[in-house]
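Visitor: I am new to this structure. Could you take me through how to read a few of its features?

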Amino acid sequence: MKYSIVIPCYKSSHTIRQVVETTCAELDRLGRTPYEFILVDDFSPDGGATARELKALATDFDCVTAITLAHNVGQHNALICALHYAEGDVIIFMDDDMQTHPSQLDAMLGGLDDDHDVVYGYYPDKKHSGFRNFGSWFTHMSVRILIGKPKDMKTSSYVVMKKYVRDSIIQYPAHYTQMQGLILRTVAAERIASVPIEHFDRAYGESGYTLKKLLSLWSNIAGFSIVPLRFTQRFGVFTTLCGVLGLVWLLIRKIISKTKILGWTSTMMTIIIFSGIILITLGVVGEYVGRMFLTMGNYPQYVVREVYGKKMQEHARPLPEEQQ
């Protein structure tokens with residue numbers, strides 16, 4: 001059985017070597033061999049330091065394949081890129097900052113059995129900032145509502161999966177990728193396990209996720225659900241009913257009171273509110289249509305610039321159709 005460790009890298013020149021060396025030592029200790037590393041530099045804005053370090057690792061380790069992308073595509077699209085090159089029977093998602101610590105691999109791999117095809121590690125005690133913890137909670141709630149993620153399923157970026165799950169995920173053609181959505185549409189919830197593991201502090205620096213990037217990642221969840229469209233439809237029906245009832249009330253009041261109703265203010269407020277609702281609805285629909293347009297136009301998930309490694313020819317595969 002072969003193990004593939006896939007790691008999206010972003011400004012990780014100070015940590016990625018430690019991740020690779022520590023993971024190698026742990027897998028050797030556990031007897032989980034052979035293994036390979038697929039490291040993807042997501043166009044890190046560090047003057048090429050991350051790309052140079054990945055290239056050095058590919059030179060120093062036969063098991064390392066390093067890939068550099070032509071532009072930044074985000075963590076989940078970088079994972080999709082790595083999965084296209086992974087050849088293992090078991091795929092392991094790890095981060096580049098030592099927070100998904102190699103010492104937890106025994107627990108993670110132990111959860112992968114005949115009854116479970118995907119294992120998520122989750123952190124009873126997180127080392128993230130309050131902002132990141134809130135973002136994780138909000139994403140968890142969104143995935144529950146939009147995709148139907150079970151309430152008791154706990155997730156993180158530390159994932160172990162069987163090869164057939166990877167084979168299904170790489171068939172997804174759209175640019176807007178959300179890994180939880182892809183996994184949940186591939187594997188029944190009953191076959192996904194959650195294992196408690198220890199969360200470690202970052203070995204160096206700070207998270208590359210900004211509020212803008214977190215919101216962009218969150219918005220990708222909508223690509224796996226039509227709940228927002230159904231919500232706007234039902235909200236439209238609700239507001240229409242409220243408008244009809246309000247009109248009936250005004251007519252009855254006019255007939256009974258026989259007084260002139262000065263309704264300019266209420267009329268203008270109603271127009272403003274309903275105009276806002278219409279624009280929001282059009283925005284939601286437009287977002288879906290826009291994403292469909294980009295998908296049909298073969299907008300690529302990623303563009304590979306270079307591949308490094310002593311086994312480069314062995315790992316290199318034909319590019320996905322959207323890049324040809």
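Guide: Start with surface patches. A nonpolar patch is made of residues with over 30% relative accessible area and no salt bridge, their nonpolar side chains joined within 5 Å. Keep in mind that this is a predicted model.

Visitor: Which residues form a nonpolar patch on the surface here?

Guide: V244, V248, I252, I255 and I256 do, and together they have about 490 Å² of accessible area. One of them, V248, lies in helix α9 (residues 227–257). V248 counts as partly exposed because its relative accessibility is 40%.

Visitor: How does spacing along a helix matter?

Guide: An α-helix has 3.6 residues a turn, so residues three or four places apart point the same way.

Visitor: Which residues of α1 are buried?

Guide: I16, V19, V20, T23, C24, E26 and L27 are the buried ones in α1. Their cover includes β1 (3–9), β2 (35–41), α2 (49–60), β3 (64–69) and α4 (105–110).

Visitor: What span should helix α1 have?

Guide: The expected span is 1.5 Å times one less than the number of residues. Helix α1 (residues 16–30) has 15 residues, so it should span 21 Å, and its end C-alpha atoms are 21 Å apart, which agrees. After α1 comes G31, with a positive phi near 75°.

Visitor: How many aromatic pairs are there?

Guide: Rings pair if their centres lie within 6.5 Å, and planes over 60 degrees apart count as edge-to-face. The count here is one aromatic pair. The ring centres of Y35 and F37 are 6.0 Å apart and the planes are at 85°, so this pair is edge-to-face.

Visitor: Is Y35 buried or exposed?

Guide: Y35 is buried, at 14% relative accessible area. F37 is buried too, at 0%.

Note on methods
Residues numbered from 1 in each chain as written. Predicted model: local features only at pLDDT ≥ 70, side-chain atom pairs only at ≥ 80, totals over all residues. Heavy atoms only, no water. Patch = residues over 30% accessible without salt bridge, like charges linked within 9 Å, V, L, I, M, F, W, Y side chains within 5 Å. Areas by Shrake-Rupley, 256 points an atom, 1.4 Å probe, with all protein chains shown as cover. Salt bridge = Lys/Arg side-chain N within 4 Å of Asp/Glu carboxyl O. Helix = DSSP H or I, 4+ residues; strand = E, 2+ residues; numbered from the N terminus. Buried < 20%, exposed > 50% of the residue type's maximum accessible area, 1.4 Å probe, protein only. Phe/Tyr/Trp six-rings, centres within 6.5 Å; stacked < 30°, edge-to-face > 60°. Contact = heavy atoms within 4.5 Å.
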